[in-house]
Amino acid sequence: MLTGRSYAALTATDLADRVNRGEVTAREAVDTALALVAERDGALRAFTAVWPAWARARAGRIDAAVARGVRLPLAGVPIGVKAGEGPGSFQNRRLVAAGCVPVGATSVPRAGTAWQTYGRTDRGPTLNPRNPAWSPGGSSAGSAVAVAAGLVPLASGSDGAGSVRIPAAWCGIVGFKPTNGLLPARDRAGLNSPGVLVRTPRDAVAYFRAVVPAGAPGPRSWSGPPTVAWTSTLGYAATEPEIAAIARGALRRLAAAGLCRLVDHPVTLHDPAPAWTALRAGTSGRDTDDLIGANSRRLREVFERVDLIATPTAPHPPHGHDGPGDRMNVALTWPFNISGHPALTLPA
């Protein structure tokens, strides 16, 4: 039998395994998730809408399928879906087909605001479960909070400049942006990729396998520990020394555990801000092409020497609910929306 505590401790894949084995029903998982949302979301404001009747009906259909011997990779997993995207988006339809049960819409910033690293509800701003004085990041704010607080083990997001990775970092969870183009973009410029907020890399892999169409390249594996080049700035970002030290320390621990091998190789890009702004506005020209081409050449040279690049996710700690001021929180994330490379935030 699920309790709020035992449910919150389960990853998405662990919960699906239990549902598929008949140890827990999808209806129990959904009822527990809805009870936790009712109990805790008044203080967190991660959700802008909750769909109990739809979710319970969907859970009942999954339980009936499991009883017939059907095995779904994410059977009975309650999820939050990013507001503005809804259950009908490509990735959310794929997640539902894999057995997930959307229980509600998660908060995003108000349109037309200069900064997007927060969430808004009609009850007030979304609060970071690590510290309510902090912004949770954004724009996938409510999705990050719902996962970090244990309300759901997986939530969908989208990432046009860091909107999955930054809230994952500030809420202490995992955020994954797949390679641009594997899933339908959320904007005309092709910068905004669907993505996911979860608590473990294994759940990010399960998400990837569920949403990526058949025939697309699968997750890469290496015969030995992947080689990693470290940079705290990418050559231009004003990263705070304390943030750089925390991220570098986490990378060293991974290397000490034999999970990667550090290679001393420089990673120096041009600041992509003018290119990202022009692409988003639809005003790109020769200057934009030249900047993107120069950074592409530099990245290609780096990836000829190493498998991965490691950076802090954001150059600054979380700001308060009054905004970031003049800090550029996307400085280390948006180059990879332009280049299209996959990118993952891990807790440090």
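Me: What makes strand 7 and strand 12 a pair, and in which direction do they run?
Reply: In this predicted model, three bridges join strand 7 (residues 174-177) to strand 12, and the two run antiparallel.

Me: Why are strand 1 and strand 12 called edge strands?
Reply: The open sheet has seven strands in the order 1-3-2-6-8-7-12, with mixed pairing. Strand 1 (47-50) and strand 12 (343-345) each pair on one side only, and they are accordingly the edge strands. Neighbouring strands of this sheet are turned against each other by 25 degrees on average, direction ignored.

Me: Which strands does helix 5 touch in packing on the sheet?
Reply: Helix 5 (residues 90-97) touches strand 2 (78-82), strand 3 (101-106), strand 6 (154-159) and strand 8 (193-198), and its direction makes about 160 degrees with that of strand 6.

Me: Why is the aromatic pair of tryptophan 276 and tryptophan 334 called tilted?
Reply: The ring centres are 5.2 Å apart, and the planes make 40 degrees. Pairing asks for centres within 6.5 Å, while stacked means under 30 degrees and edge-to-face over 60, so this pair is tilted.

Me: What does this pair tie together?
Reply: Tryptophan 276 lies in helix 10 (residues 273-281) and tryptophan 334 in the loop between strand 11 (308-310) and helix 12 (335-339), so the pair ties together parts 58 residues apart in sequence. Both tryptophan 276 and tryptophan 334 are buried.

Conventions:
Residues are numbered from 1 along each chain as its sequence is written. This is a predicted model: local features need pLDDT of at least 70, side-chain atom pairs count only at pLDDT 80 or more; totals for chains, interfaces and linings use all residues. Side-chain values use heavy atoms; hydrogens and water are left out. Two strands pair if DSSP finds at least two bridges between them. Helices (H or I, at least four residues) and strands (E, at least two) are DSSP runs, numbered from the N terminus. Axes are lines fitted to C-alpha atoms, for helices over the stretch in contact, and angles run from 0 to 180 degrees between N-to-C directions. Contact means heavy atoms within 4.5 Å. Rings of Phe, Tyr and Trp (its six-membered ring) pair if their centres lie within 6.5 Å; planes under 30 degrees apart count as stacked, over 60 as edge-to-face and the rest as tilted. Buried means under 20% relative accessible area, exposed over 50%, partly exposed in between (1.4 Å probe, protein chains only).
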